[in-house]
Amino acid sequence: MSADTPLQNDHDGNENPPVDGSELIRFDKVTKRFGSNVVLDELDFSVASGKHVTLIGPSGSGKTTILRLLMTLLKADEGTIKVNGDYLTHEEKNGKLVPAGEKHVREVRKNIGMVFQQFNLFPNMKVLRNITEAPVTVLGLSKDEADQRARELLDMVGLGDKADAYPTQLSGGQQQRVAIARALAMRPQVLLLDEVTSALDPELVAGVLDVLRDIAHTTDITMLCVTHEMNFARDISDQVLMFDSGRVLESGTPEKIFGDPEHDRTREFLSAVL
Amino acid sequence: MSWDWQVVDDFMPRFWDGVFVTLQALAIGTLIAFALGLVWALAQRSSQVWVRWPVVAVTEFIRNTPLLVQLFFLFYVVPNFGPSMSPLTTGIIGLGLHYSTYTAEVYRAGIDGVPVGQWEAATALSLSKGRTWRAVILPQAIRRVVPPLGNYVVAMLKDSPMIATIGALDMLGEAQAFSNETFTTEALTVVGVAFIVIAYPASLLIRALERRLVR
């Protein structure tokens, strides 16, 4: 696995070249409720381009909700989300913010990729087509081009020989590595990782984390990650956000959050999971 | 009562006419039921109330009234304000329409059975709606729906003699007419056997298909 891997964003050819360090994601007073349960409470938070940000906190604190809002799998009750300066689910019309049409949402969402806890590979497609389906039908790549890129990505995640297998023929760890390749094939600017090792048998976790570490260290992709693997978080994160009850309790470098947290709540949480 | 092979022999020409009608009704009726059922199932998931509601109303109405009444309605009432069709065409449409409301339920269950994570993955990859259905959801739903759909094909075969009531003489219709004219009963037995000869291999075929699809 070399540094000039196929998943580097080709900034030269990109319509929206992210300026390094510029703001890629911004949540503005985002509120999300499930019934009477307020999961996110007027949350403000932003992620700079190229950064690796890990969200930690007790379950139910709203971490996964943030990822799902960004992926438009959930809809915010209030507030706005911007990706690359564009509203994700809103459009400006005559100076007013209105809910955006499907086309606008898809256009903005193309910059975002996601890897799920349960992999969610398409069981009716072989591994290769799982990876090429979206590049061909959404990005308009030729089949050959998409195939070639998919094979490079499979090599990178160490599954070059599994292109013609069906997902059910693979172990959980292998499936998750295919899912990572599938997300990267869309060349997203930001990769959302939603507890990607939680459904794996313990002996398969390391292989998946190694792949992600490699991606984090060799590419400039932005990562937003929800995980219970604190060592992994420490390894790859530029910034760690501690969530509690739908708010950011504190944030800082991994050294600070894991070494010398400000809040007792953070200390308690870390001692429970470490 | 005795069995007379001569009667069977005399019945054969009309028997084959009836078999042809039965198979036509079954084949085209099945196509209609499978295709239209999918249309109903998708329409029932529409986000538009004005699409969803009428479809639910129509399918519930058809499912909860007898096929016989529908056949009479299509044959005697519809021509008063709509197209007039031959008995066989009317019968085929009636069978297909009736069973489409059942296959719609099968499709619905099959689609609902596809894990929500599949929809989420399709969204995360920005697949279009059409692509999500065609490439992801329906291929997975199909595997779940083949066995119950097959059962409805066999059920439709067994309901197909009803089209004789509007004058489309299927094999049972032919047998009954023949028996009435000749005061014999052999033809009815022949047709009974013929139903098994068609239905049983059909069941086996469905089971074989099921095994192939369930991976």
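Which residues of chain B does the UniProt annotation "domain: ABC transmembrane type-1" cover? According to the unreviewed UniProt entry, the annotation covers residues 19–206 of chain B.

The model is predicted: local features need pLDDT of at least 70, side-chain atom pairs count only at pLDDT 80 or more, and totals for chains, interfaces and linings use all residues. Residues are numbered from 1 along each chain as its sequence is written, while chains are lettered from A and ligands numbered from 1 in the order in which they are written.

**Figure 1. Chain B and its annotated spans.** Chain B has 8 helices and 0 strands, where helices (H or I, at least four residues) and strands (E, at least two) are DSSP runs numbered from the N terminus. The C-alpha trace of chain B spans about 70 × 45 × 20 Å along its principal axes. Of the 215 residues in chain B, 33% are buried; a residue is buried if 20 or more other C-beta atoms lie within 10 Å of its own, exposed if 12 or fewer, and partly exposed in between, with C-beta atoms placed from the backbone. Among contacts in chain B with a separation of 6 or more, 77% join residues 24 or more positions apart; two residues are in contact if their C-beta atoms, placed from the backbone, lie within 7 Å. Residues 19–206 of chain B are 82% helix and 0% strand, and the end C-alpha atoms of this span lie 21 Å apart. The unreviewed UniProt entry also gives "transmembrane region" for residues 20–43 and 187–209 of chain B. UniProt positions are given in the numbering used here, feature names are shortened, and annotations may be inferred rather than shown by experiment. Residues 20–43 of chain B are 100% helix and 0% strand, with end C-alpha atoms 34 Å apart. Residues 187–209 of chain B are likewise 100% helix and 0% strand, with 33 Å between the end C-alpha atoms.

**Figure 2. The open sheet of chain A.** The 4 strands of this sheet are in the order β2-β1-β4-β5 (chain A), with antiparallel pairing; two strands pair if DSSP finds at least two bridges between them. β2 (37–48) and β5 of chain A are at the edges, each with a single partner strand, so one side of each has no neighbour in the sheet. Strand β1 (residues 23–34) of chain A is joined to strand β4 (residues 78–83) of chain A by 5 bridges, and Thr31(A) stands opposite Glu78(A) in β4(A). Helix α1 (residues 63–70) of chain A lies across β1, β2 and β4 of chain A and runs at about 115° to β1(A). For that angle, axes are lines fitted to C-alpha atoms, for helices over the stretch in contact, and angles run from 0 to 180 degrees between N-to-C directions.

**Figure 3. The hairpin of β4(A) and β5(A).** The two strands have 2 residues between them, and Asn84(A) in the turn has a positive phi of about 60°. β4(A) pairs with strand β5 (residues 86–87) of chain A over 2 bridges in the antiparallel sense. Opposite Asp86(A) in β5(A) stands Val83(A), and opposite Tyr87(A) stands Lys82(A).

Figure 4. β8(A) and strand β9 (residues 190–194) of chain A run parallel and are joined by 4 bridges, with Met114(A) opposite Leu192(A) in β9(A). In a regular strand the side chains alternate between the two faces of the sheet. Both faces of β8(A) are covered, with Ile112(A) and Met114(A) buried on one side and Gly113(A) and Val115(A) buried on the other. The largest nonpolar core has 78 residues, and those touching the most other members are Val115(A), Leu153(A), Ile180(A), Ala181(A), Leu192(A) and Leu193(A). Helix α5 (residues 172–184) of chain A gives the most to this core, with 6 residues. A second, separate core of 40 residues includes Val55(B), Ile92(B), Ala141(B) and Ile163(B). A nonpolar core here is a set of buried Ala, Val, Leu, Ile, Met, Phe, Trp, Tyr and Cys residues joined through C-beta atoms within 7 Å.

**Figure 5. Surroundings of Val248(A).** Val248(A) is in strand β12 (residues 247–252) of chain A. Val248(A) counts as partly exposed because it has 17 C-beta neighbours inside 10 Å. Not counting residues up to four places away in sequence, Val248(A) touches Phe45(A), Leu241(A) and Phe243(A).
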